[in-house]
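This briefing sets out the main features of the structure shown below.

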Amino acid sequence: MRVDAPIYVSGVAQEIVGRGRPAPAYMNLLAAAAVGAVADAGLERSAIDGLVLSSSIPQPFERNPAEVAEYLGLGSVYTAMAPYGGRPATDVLNIARSAIRAGLATNVLVLSADNFATTLGLEGAIELYMKSFDGIYERPFGPLIPTAFALMAARHIHEYGTSAQQLAQVAVSIRKHGLLNPHTEVSGELSVDSVVNDTVVSTPLTRSMLALISTGGAQGFVVSRERIDDRSVTLAGYGEASAFMSLSQAPSLVRFDHIRRAADLALRDAEITLDDIDFVEFYDPATIVPLILLESIGFCDPGQGGAYVEGGAIELGGRLPMNTHGGTLAFRHPGMGAALDSVVEAVTQLRGEAGPRQVANAHRGLVHGQGSWLANNGFVVLGRA
Amino acid sequence: MNTSEEGAPTLPGEDSEDAVTIKPVRAVDPQADAATVFWDGCARREFWLQHCTTCDAWQFYPRSLCSHCWAPTSALEWRRPGGGAVVESFSVVHRGSGAFAAHAPYVVALVRFDEGPVMMSHIVGLDIDLGCGVGAVGDVTGIGAVAIGDRVELEFAELAGRTVPVFRAVGTGVG
């Protein structure tokens, strides 16, 4: 088949655990996501001839993909895995697409699950996340994960005059979306004042400017060579780039050329421009990140991210609805699959099935996945088929 | 004085407690792990950075090649930078985790040496007002006696069980 032939996301599934509730065992989560995604696609299990597994956060990984295929009784299938942390997570969709274009499979099951915050507890989960920092030169200084984003935020404030109120506005806007999601793990509206005056975790970021830590969750997808039915969504473009891993090696703390590169590659692949994007689902581990993404991708000029989000521009009904499911700030952060929750949401939007949080006339969405404090970024363009 | 472990290569000054005798330049041992050499130096309160004799650039973290021009190990040398740096960014961590819980609040920073490289470290010697939120902190890019862009000087401190390089705002030192 042609290397630029359209490929589709025909089925999605999302395993909901609930705030503070213990998540099921890892394989139970994967199995539920698999069954859910295949049923959502309207396919029989026998139609699945490929499996791509996203690693759980604990490294190197819990299970290899052939074990998972065997557990599911898939028989003779292509298997592959993205096996390390600090990935964009969205990469597994592109791996599935590439396998189909290479003729290795026709309907690829893509699975992701995490439950480490259940098995390790909250403190254990925080410790695990902290291992993302370079063990030799950075962990000796005790940065929290929020500290990475705090260092960016402080520099952004220094260079551009971004305000704490603008950093808070992102949380306020995305919380509104989360409260429209029946599966959100948060409750209650936020105000700019409540966010600014919340407990400081790592200056200048307060608790309400940071992602949740959820007990677990899972996501499943079927990526297909054929358009199965009118609920199929086009996997129209993918772009990815990394530029550093240790924070000390980042060329800048506020301007990231590799983010622009990854987004441009995705848009070129989809043969569209930024003007064609109706909504975005950005990985939002801290409220500085959406500002940096808006600037780095080119939705606004450098330094203008704070001004962009004022006045509700990223809310439903605004010019660029963002994180319509609530993102990791106001839906959940289940682990590696946080960006895949964003993909589920984008598919739901493009199918017109988002209910009270539906973006009007949603034809194309841009989904961002990130590994390790913007070190590694993957953008997916999804469109109505 | 010498707390190095695991057969680390001999460095100048290793068997002396007088820093004056430390040679300013040393070849990079192609067999040695650069990270071990770096931290063994810190344990003796000596800070060594790599400098490339081919492209005249400094690099942090140390490597077995020059990340700027790919010159081999033989082109690299250990040098002791002047110790002056500028604050690129910093964050006051209010609640440490694990071994760092006892140290909170502490100030994690990225500092740029006058020689060019950036490293993560701590800024020490500040009077930190924890407040209760960003609003209480006030100017969030300036706290106590340091702000982004300020000059800081290298020194050493004990942190979570090891001797680490840290930085103190110029003019706030106790000598």
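The model is a predicted one.

**Overall form of chain A**

- Chain A contains 13 helices and 11 strands. Its radius of gyration is 19 Å, close to the 21 Å that the globule rule gives for 385 residues, so chain A is as compact as a globular protein of that length.
- The C-alpha trace of chain A spans about 55 × 45 × 40 Å along its principal axes.
- Of the 385 residues of chain A, 61% count as buried.
- Among contacts in chain A with a separation of 6 or more, 77% are between residues 24 or more positions apart.

**Nonpolar core**

- The largest nonpolar core comprises 163 residues, and Val223(A) and Leu382(A) have the most contacts inside it. Domain 1 (1-80) and domain 2 (84-171) of chain B both give residues to this core, so it lies between them.
- Leaving aside neighbours within four places in sequence, Val223(A) is in contact with residues including Ile7(A), Val9(A), Leu93(A), Val108(A), Val110(A) and Leu235(A). Arg97(A) is also among the contacts of Val223(A).

**Interface between chains A and B**

- In this interface, 32 residues of chain A are in contact with 37 residues of chain B.
- Helix H5 (121-130), helix H6 (145-160) and strand E5 (200-202) of chain A each supply at least two residues of the side of chain A that touches chain B. H6(A) gives the most to that side, with seven residues.
- By class, the side of chain A that touches chain B has 19 nonpolar, nine polar and four charged residues.

**Domains of chain B**

- The domain assignment divides chain B into domain 1 (1-80) and domain 2 (84-171). Nine residues of domain 1 of chain B are in contact with 10 residues of domain 2 of chain B.
- H1 and strand E3 (58-59) of chain B are the elements that give two or more residues to the side of domain 1 that touches domain 2. The residues of that side of domain 1 are seven nonpolar, one polar and one charged.
- Within helix H1 (residues 34-43) of chain B, Val37(B), Phe38(B), Trp39(B), Asp40(B) and Gly41(B) are buried.

**Backbone geometry to inspect**

- Most residues other than glycine have a negative phi, and most peptide bonds are trans.
- Thr203(A) and Pro204(A) are joined by a cis peptide bond with omega of about 5 degrees. Pro204(A) is found in the loop between E5 and strand E6 (205-206) of chain A.
- In chain B, a cis peptide bond joins Phe60(B) and Tyr61(B), and omega is about 5 degrees. Tyr61(B) is placed in the loop between E3 and strand E4 (76-79) of chain B.
- Asn323(A), which is not a glycine, has a positive phi of about 50 degrees. Asn323(A) sits in the loop between helix H11 (305-309) and helix H12 (327-331) of chain A, and is buried, with 29 other C-beta atoms within 10 Å.
- Trp373(A) likewise has a positive phi, near 45 degrees. Trp373(A) is found in the loop between strand E10 (364-371) and strand E11 (376-384) of chain A, and counts as buried with 26 C-beta neighbours inside 10 Å.

Conventions
Residues are numbered from 1 along each chain as its sequence is written. Chains are lettered from A and ligands numbered from 1 in the order in which they are written. This is a predicted model: local features need pLDDT of at least 70, side-chain atom pairs count only at pLDDT 80 or more; totals for chains, interfaces and linings use all residues. Two residues are in contact if their C-beta atoms, placed from the backbone, lie within 7 Å. Helices (H or I, at least four residues) and strands (E, at least two) are DSSP runs, numbered from the N terminus. Ala, Val, Leu, Ile, Met, Phe, Trp, Tyr, Cys and Pro count as nonpolar, Asp, Glu, Lys and Arg as charged, and the others, Gly among them, as polar. The radius of gyration is taken over C-alpha atoms; the globule rule is 2.2 Å times the number of residues to the power 0.38. A residue is buried if 20 or more other C-beta atoms lie within 10 Å of its own, exposed if 12 or fewer, and partly exposed in between; C-beta atoms are placed from the backbone. A nonpolar core is a set of buried Ala, Val, Leu, Ile, Met, Phe, Trp, Tyr and Cys residues joined through C-beta atoms within 7 Å. Domain bounds come from an automatic or database domain assignment.
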